[in-house]
Amino acid sequence: MSALVLALFAGAVVGLALGALGGGGSVLAVPALIYLLGFTPAAATTAALIIVTATSLTALYAHARTGDVRWKAGALFAAAGLLPAAAAGAAAARLPQPVLTAAFAGVAALAAVAMLRPARSAPGPAAAGARPAKAAGTGAGLGALTGLLGVGGGFLAVPALVTVLAFEMQAAVGTSLLVISANSLASLTTRGATTAGVDWAVVGPFAGAAILGAWDGKRLAAKVTGSLLQRIFGVVLLAVAVFMLADALT
């Protein structure tokens, strides 16, 4: 199968996940670039950031049209992650590739667990006083993950927005895309030199298919229950995590 066909297929899956769930697609992009398209882990994280940024901005626009984005709260949440994203992006180039692969496998496993476990209810009034500090800490952690591993962190942003800031699910999905976009852009600013070596013949079609998939994901989210979509992507992510961890340890 040609690289173009593989890039188009993988891009469609990534966009579908981001558009439907507000996360999860980015943690599929890196392993697809490594194992299907032959990228090194370092090159894959940079390429994934480009793809995730373009796709998240598209999905953000789609969700904003239906009023599912909390702009003020999302901007504050994202702001806490900007500096960690930039710093981690600069540090990523200095890490050995097996370490990046193993770290990514661990994050993918966490994402799978977050998607497969039952949804938790929003916190009660007693937890409300801790929300600003928790939101800042979570935002900073998501930013660091984005910069280091090329993932947007939406798989963690959505449950955090639901449980920490008491967002309803649709608003959490839409607002997470704002967080992903901001973190990805911040990380890309520290990787300017490395983007010069990006294989645009692969990344371009991948990103284009992901952008189109994001629109389909938004429509799919309106027809299929979020819990079913989360379980499907959770199973896929768990398989990806096991495979990557085994590869890193051999």
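Tutor: A residue counts as buried when its relative accessible area is under 20%, as exposed when that area is over 50%, and as partly exposed in between (1.4 Å probe, protein chains only). Helices are DSSP runs of H or I with at least four residues, strands are runs of E with at least two, and both are numbered from the N terminus. This is a predicted model, in which local features need pLDDT of at least 70 and side-chain atom pairs count only at pLDDT 80 or more, while totals for chains, interfaces and linings use all residues. Residues are numbered from 1 along each chain as its sequence is written, and side-chain values use heavy atoms, with hydrogens and water left out.

Student: How many helices and strands does the chain have?

Tutor: There are 10 helices and zero strands. Buried residues account for 50% of the 250 residues in the chain.

Student: Why is α3 described as largely enclosed by the rest of the structure?

Tutor: Because 18 of its 25 residues are buried, α3 is largely enclosed by the rest of the structure.

Student: How is the span of α3 to be read against the expected one?

Tutor: The expected span of a helix is 1.5 Å times one less than its number of residues. From first C-alpha to last, α3 reaches 35 Å, close to the expected 36 Å. Helix α8 reaches 31 Å, close to the 30 Å expected.

Student: What marks the ends of α3?

Tutor: A polar contact is a pair of N or O atoms within 3.5 Å; within protein, one must be able to donate a hydrogen and the other to accept it, and residues adjacent in sequence count only if both atoms are side-chain atoms. Thr40 caps the N-terminal end of α3, with a side-chain oxygen 3.2 Å from the backbone nitrogen of Ala43. Just after α3, Gly67 takes a positive phi of about 75°.

Student: At what angle do α3 and α8 pack?

Tutor: Axes are lines fitted to C-alpha atoms, for helices over the stretch in contact, and angles run from 0 to 180 degrees between N-to-C directions. Helix α3 (residues 41-65) and helix α8 (residues 169-189) pack at about 145°, and their axes are 8 Å apart. Residues of this contact include Leu49, Ser56 and His63 of α3 and Leu177, Ser181 and Leu188 of α8. Nonpolar residues are Ala, Val, Leu, Ile, Met, Phe, Trp, Tyr, Cys and Pro; charged ones are Asp, Glu, Lys and Arg; the others, Gly among them, are polar. By that division the contact of α3 with α8 has 12 nonpolar, eight polar and no charged residues.

Student: Is the crossing of α3 and α8 left-handed or right-handed?

Tutor: A crossing is left-handed if the near helix is turned anticlockwise from the far one by less than a right angle, and right-handed if clockwise. The crossing of α3 and α8 is left-handed, whereas that of α1 and α3 is right-handed.

Student: Which residues make the contact of α1 with α3?

Tutor: They are Gly15, Leu18 and Gly19 of α1 and Thr55, Ser56, Ala59 and His63 of α3. They divide into two nonpolar, five polar and no charged. The axes of α1 (residues 3-21) and α3 come within 9 Å and cross at roughly 35°.

Student: Is Ser56 buried or exposed?

Tutor: Ser56 has 0% relative accessibility and so counts as buried. Its side chain reaches the backbone oxygen of Val52 at 2.7 Å. Apart from neighbours within four places in sequence, Ser56 is in contact with Leu18, Leu177, Ile180 and Ser181.

Student: What does the side chain of Thr175 lie by?

Tutor: A polar atom of the Thr175 side chain lies 3.0 Å from the backbone nitrogen of Arg70. Thr175 is in helix α8, and Thr175 and Arg70 are 105 residues apart in sequence but 5.7 Å apart in space, C-alpha to C-alpha. Thr175 counts as buried, at 0% relative accessibility.

Student: Where is Arg117 found?

Tutor: Arg117 is in the loop between α5 (97-116) and α6 (131-149). Its relative accessibility is 42%, so Arg117 counts as partly exposed. The C-alpha atoms of Arg117 and Arg231 are separated by 8.5 Å, with the two residues 114 apart along the chain.

Definitions and conventions:
Contact = heavy atoms within 4.5 Å.
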